Amino acid sequence: MAIKCSAFVAISLDGYIARRNGNIDWLDNYNDSSETEDYGFKEFYKTVDTLVIGRKTYELVLTFKEWPYPDRKVIVLSNGSPVVPNEVLRNVEVLAGPPSELVKHLAAKGSQHLYIDGGKTIQSFLKAGAIQELTISHIPILIGDGIPLFGKLEQDQKLTHLETRTFPNGIVQSRYHIG
Ligand SMILES: NC(=O)c1ccc[n+]([C@@H]2O[C@H](COP(=O)([O-])OP(=O)(O)OC[C@H]3O[C@@H](n4cnc5c(N)ncnc54)[C@H](OP(=O)(O)O)[C@@H]3O)[C@@H](O)[C@H]2O)c1
C-alpha cells in the first residue's frame with residue numbers, strides 16, 4: 001500500500017496556527033470542556049500509525065500534563081538534539097532530512113499513514129508535494145499576527161475539496177485532497 005501523509009490543524013480565520021511566541025491560548029475556548037466534541041480528531045488519529053512533528057511543536061506537546069501519543073510511533077524532526085524524556089523514549093525517534101527522503105525512509109520501515117504536524121514542518125512537506133490530505137478547522141477568531149500555516153511556494157498548488165462541516169460554536173472544518 002502506498003504511504004499517505006495528512007495534516008490536521010486548527011487555524012485562526014487570519015491564517016495562523018499559533019501566536020508568534022507559540023502560544024495557542026486562543027484555542028482554549030474552542031476545546032469542548034465536556035470533551036464530547038473533538039471535531040473528528042479521534043477518528044482521524046485512529047487512521048494514522050506515525051506522527052511526524054516539528055521540534056517546536058514537540059517541545060510544546062512535552063509541556064502537556066500527559067504525553068498524548070503513547071500508542072503511536074513519533075518522529076521528531078530536528079537538526080539538533082532535542083531532549084527525549086525516558087517515559088517517551090520507547091516510541092520517539094529524532095530524524096532530519098528533506099521531506100521526500102523522510103517519507104521514503106518511513107515507508108521502508110513500514111509506516112502507512114503519517115500525521116504531519118507543526119507550522120514550518122507542514123509548510124515544507126506541502127512545498128515538497130509530500131502531503132496528500134489536509135483538514136483545516138477554521139476558528140472564528142482573528143489574532144492579528146502569529147505563525148502562519150502557509151508560506152511561499154515555487155508554484156501554485158491545487159486542492160480538491162472533499163467536505164466541509166460546521167459546528168454550533170462557529171468552527172468550519174474543511175477537508176481537502178492535495179492535487
Ligand atoms: N493550531 C494547530 O493546530 C497547531 C498544530 C501544530 C502546532 N501548532 C503550533 O505551532 C507552533 C510550532 O510551529 P513552528 O512552525 O514554529 O515549528 P515546527 O514545525 O513545530 O518545528 C520547526 C522545527 O522542526 C525542525 N524541522 C522541521 N522540518 C525539518 C526537517 N525536514 N529536518 C530537520 N528538522 C526539521 C526544525 O528543528 P530544529 O530547529 O531543532 O532543527 C525546525 O526549527 C507551536 O507553537 C504549536 O503550538 C499549532
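Helices (H or I, at least four residues) and strands (E, at least two) are DSSP runs, numbered from the N terminus. In this predicted model, local features need pLDDT of at least 70 and side-chain atom pairs count only at pLDDT 80 or more, whereas totals for chains, interfaces and linings use all residues. Residues are numbered from 1 along each chain as its sequence is written, and side-chain values use heavy atoms, with hydrogens and water left out. With these terms, β1, β2 (16–18), α2 (55–61) and α5 each supply at least two residues of the shell around the ligand.

**The sheet**
- Eight strands form an open sheet with mixed pairing, in the order β5-β4-β3-β6-β1-β7-β10-β9; two strands pair if DSSP finds at least two bridges between them.
- Its edge strands, β5 (92–95) and β9 (159–166), each pair on one side only.
- Strands of a sheet pair through backbone hydrogen bonds, either parallel or antiparallel.
- Strand β1 (residues 4–12) runs parallel to β7 and is joined to it by seven bridges; V9 stands opposite I136 in β7.
- On β10 (residues 172–178), β7 pairs in the antiparallel sense over six bridges, and the bridge partner of H138 is V172.
- β9 and β10 also pair in the antiparallel sense, over seven bridges.
- Strand β7 (residues 133–139) is largely enclosed by the rest of the structure, because six of its seven residues are buried (under 20% relative accessible area; exposed is over 50%, partly exposed in between; 1.4 Å probe, protein chains only).

**The ligand**
- The ligand is surrounded by 25 residues, of which the closest are A10, T57, S78, G97 and K120; a residue counts as near if one of its heavy atoms lies within 4 Å.
- Helix α2 gives the most to this shell, with four residues.
- A polar side-chain atom of R55 lies 2.8 Å from an oxygen atom of the ligand.
- A polar backbone atom of N79 is 2.8 Å from an oxygen atom of the ligand.
- A backbone N or O atom of G97 lies 2.7 Å from a nitrogen atom of the ligand.

**Residue S78**
- S78 is placed in the loop between β4 (73–77) and α3 (86–89).
- This residue is buried, with a relative accessible area of 14%.
- A polar atom of the S78 side chain lies 2.8 Å from the backbone nitrogen of G80.
- Not counting residues up to four places away in sequence, S78 touches R55, V94, L95 and A96, where contact means heavy atoms within 4.5 Å.

Methods: Polar contact = N/O pair within 3.5 Å; in protein donor to acceptor, adjacent residues only side chain to side chain.
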